[in-house]
Amino acid sequence: EEEWGECEPMPPCHTCQRQDCVFSAWNSWVDFGGCTGICYRRRTVDTPNNECGKPCEGKTDMTKTCAKKSCMPDPPADCVLTSWSSFSACHKKQHERTRAIQSQPRNGGHPCVANLKEV
């Protein structure tokens, strides 16, 4: 046999005041350190959504490549020659002029292949 009784009174239903999620502004880009070549930035939830609000959509962390000049290898530099000297006085019926290597090639630059003396 079943018995029925009155239910306890329920609290009144209320309308939900919608509060959507709001992100903070993105932080500035920060270098991970060393020579990783990676930077990141972050944002947080400033205002969380409530039960009837829209949740935040999107990332809270971002990364990008960011090479530091101090970590970059120097670019290739070719050999550099000085300008030609003036021709010398005649010696044994010949004049000569010379030039020198001003700077050697670096980081895979082209070597000097030109003459250093002309007669």
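Residues are numbered from 1 along each chain as its sequence is written, and side-chain values use heavy atoms, with hydrogens and water left out. Because the model is predicted, local features need pLDDT of at least 70 and side-chain atom pairs count only at pLDDT 80 or more, while totals for chains, interfaces and linings use all residues.

**Exercise 1. The disulfides as a set**

Solution: Start from the criterion, under which a disulfide is a pair of cysteine sulfur atoms within 2.5 Å.

**Exercise 2. C16 and C52**

Task: Describe the link between C16 and C52, and explain which parts of the chain the pair ties together.

Solution: First take the geometry: the sulfur atoms of C16 and C52 are joined at an S to S distance of 1.9 Å, and with -85° about the S-S bond the link is left-handed. Next place the two residues, using strands that are DSSP runs (E, at least two residues) numbered from the N terminus. C16 lies in the segment before β1 (22-23) and C52 in the loop between β4 (45-47) and β5 (61-65), so the pair ties together parts that are 36 residues apart in sequence. Finally consider accessibility, where buried means under 20% relative accessible area, exposed over 50%, and partly exposed in between (1.4 Å probe, protein chains only). C16, at 29% relative accessibility, counts as partly exposed, and C52, at 30%, also counts as partly exposed.

**Exercise 3. C39 and C66**

Task: Determine the handedness of the link between C39 and C66, and decide whether these cysteines are buried or exposed.

Solution: The disulfide joins C39 to C66 with an S to S distance of 1.8 Å, and the value of 95° about the S-S bond makes this link right-handed. C39 lies in strand β3 (residues 38-42) and C66 in the loop between β5 and β6 (80-81), so the pair ties together parts that are 27 residues apart in sequence. Both C39 and C66 are buried.

**Exercise 4. C79 and C112**

Task: Work out the geometry and the location of the pair C79 and C112.

Solution: The sulfur atoms of C79 and C112 are 1.1 Å apart in this disulfide, and the torsion about the S-S bond is about -40°, so the disulfide is left-handed. The pair links distant parts of the chain, with C79 in the loop between β5 and β6 and C112 in the loop between β8 (101-103) and β9 (117-118), 33 residues apart. C79 counts as buried at 15% relative accessibility, whereas C112, at 25%, counts as partly exposed.

**Exercise 5. The sheet**

Task: Give the strand order of the open sheet and name its edge strands.

Solution: Two strands pair if DSSP finds at least two bridges between them. Three strands form the open sheet in the order β2-β3-β5, with antiparallel pairing. Its edge strands are β2 (30-31) and β5, each of which pairs on one side only. β3 and β5 pair in the antiparallel sense over five bridges, and I38 stands opposite T65 in β5.

**Exercise 6. Q94**

Task: Locate Q94 and list the residues that it touches.

Solution: Q94 lies in the loop between β6 and β7 (97-98) and, at 46% relative accessibility, counts as partly exposed. With contact meaning heavy atoms within 4.5 Å, Q94 touches A89 and V119, not counting residues up to four places away in sequence.

How values were computed: Helix = DSSP H or I, 4+ residues; strand = E, 2+ residues; numbered from the N terminus.
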